[in-house]
Amino acid sequence: MTGSKSASIDKGLLFTALLLMIFGIVVVYTASAPQALKIGLPAEYYLKAHLQKIVIALGVLIFCAKLDYGFWKKFSRAIFIVGCALTIAALVVGGETKGANRWIWGIQPSEILKFGLICWVCAKLSDAGDEIKTLKCSIIQPGIPFLIAAVLLVMQPNLSMMMLFSFIMVSVLFVAQARAKYLMIASGVGGVASIIIMLVKSHSSKRIMNYFNEGNAGNYQVNHALDALGNGGLWGTGVGMGMQKLGYLPEAHKDVAYSVIGEEFGFVGTFLVLCAFGFLFYKGFKIAQNSSTRFGKYMAVGLTISLFLNFFIHICVCTGLGPTTGQPLPFLSFGGTSLICSAAFIGVLLNISKPGTGKIKERFVYKNYEYGSSV
């Protein structure tokens with residue numbers, strides 16, 4: 001009986017993630033086929049590339065689900081350093097795409113940097129224990145890696161990702177019960193600095209101005225994303241029958257995948273997608289709540305918030321509630337690094353949900369506060 005229990009994982013989370021991946025194959029194919037044909041490629045070109053990434057993502061998910069999550073604490077600093085190194089490499093030799101240096105060797109380093117930041121911050125906070133209320137443990141120690149990451153993201157520039165990092169930081173610090181006064185001051189200063197940076201940087205300021213000027217040609221993508229959602233009605237036009245992807249929606253298989261779903265699967269399809277993601281996020285927070293260790297709890301919150309923010313930002317862009325950002329829809333958009341990292345997040349969450357994991361020693365245990373126990 002004990003052996004069976006120790007082998008269990010959260011099957012609901014696993015099933016939901018796999019279901020979204022399978023549906024994502026359909027979405028990528030129907031959204032990308034016109035684009036492939038337009039540039040002289042076979043209709044299945046992007047589909048085949050996506051299927052290769054799905055295979056890698058599934059392998060990563062299985063690996064992370066089997067790997068004791070204490071590993072991520074032990075090597076958190078190394079992972080963060082790798083993410084920084086790749087981000088710097090993208091700045092130096094990656095080349096500019098659409099006014100930003102975000103890619104190198106087909107990899108988006110900011111996704112790896114995000115995972116490294118979550119690991120390192122959660123490791124620092126779990127080690128803080130009852131000293132979390134001090135300025136050093138609640139702000140300074142986790143703030144140093146965040147500032148390093150923020151500077152690199154501003155240099156790219158990738159300000160939407162910087163904002164995403166900020167919300168993840170605040171969420172984890174809140175759950176770790178950092179002193180409210182310090183957290184409010186840091187959030188206020190960070191918020192003002194972010195607004196100033198977004199207004200100063202031409203890359204982001206143009207998008208913000210376009211967003212508030214509905215008649216501006218720069219709002220082209222948002223307007224057609226809304227048209228796609230409106231065209232879908234209740235049941236949608238049918239798979240492959242959407243019109244907005246036929247040259248009207250740039251990057252239909254990436255940045256506005258939710259709008260393609262809305263047009264071809266209708267309100268019913270988008271509602272079911274929202275329900276699936278809602279259940280996935282519920283499971284992630286439930287895993288955090290049930291974790292027997294500080295590190296497991298903080299990691300589960302950080303990873304779930306990260307997935308939620310990617311989802312939320314993408315939905316906001318497609319529904320006209322926010323300016324264009326280029327954030328993919330987890331599991332449903334075409335994109336290798338995002339898909340693989342999202343699968344890794346699910347794998348780590350599955351390992352945290354498995355009883356008996358977190359075997360690497362640390363100073364505290366979340367529920368019983370015993371020294372010399374697991375992570």
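## Overall architecture

The protein chain contains 14 helices and 0 strands. This description rests on a predicted model. Read from the N terminus, the order of elements is α-α-α-α-α-α-α-α-α-α-α-α-α-α.

## Burial, contacts and surface

The protein chain comprises 375 residues, of which 52% count as buried. Among contacts between residues at least 6 apart in sequence, 74% link residues at least 24 apart.

The accessible surface of the protein chain amounts to about 17000 Å². Carbon and sulfur atoms account for 68% of that surface.

## Val55 in helix H3

Val55 is located in helix H3, which spans residues 45–66. The relative accessibility of Val55 is 59%, and the residue is therefore classed as exposed, the cut-off for that class being over 50%.

Ile340 lies 285 residues away from Val55 along the chain, and the C-alpha atoms of the two residues are 9.4 Å apart.

Trp235 occupies the loop between helix H11 (220–232) and helix H12 (257–290). Because its relative accessible area is 63%, Trp235 is exposed.

Trp235 also belongs to a nonpolar patch on the surface, which it forms with Leu234, Phe267, Phe271 and Leu272. Together, the residues of this patch have about 610 Å² of accessible area.

Notes:
Residues numbered from 1 in each chain as written. Predicted model: local features only at pLDDT ≥ 70, side-chain atom pairs only at ≥ 80, totals over all residues. Heavy atoms only, no water. Helix = DSSP H or I, 4+ residues; strand = E, 2+ residues; numbered from the N terminus. Buried < 20%, exposed > 50% of the residue type's maximum accessible area, 1.4 Å probe, protein only. Contact = heavy atoms within 4.5 Å. Areas by Shrake-Rupley, 256 points an atom, 1.4 Å probe, with all protein chains shown as cover. Patch = residues over 30% accessible without salt bridge, like charges linked within 9 Å, V, L, I, M, F, W, Y side chains within 5 Å. Salt bridge = Lys/Arg side-chain N within 4 Å of Asp/Glu carboxyl O.
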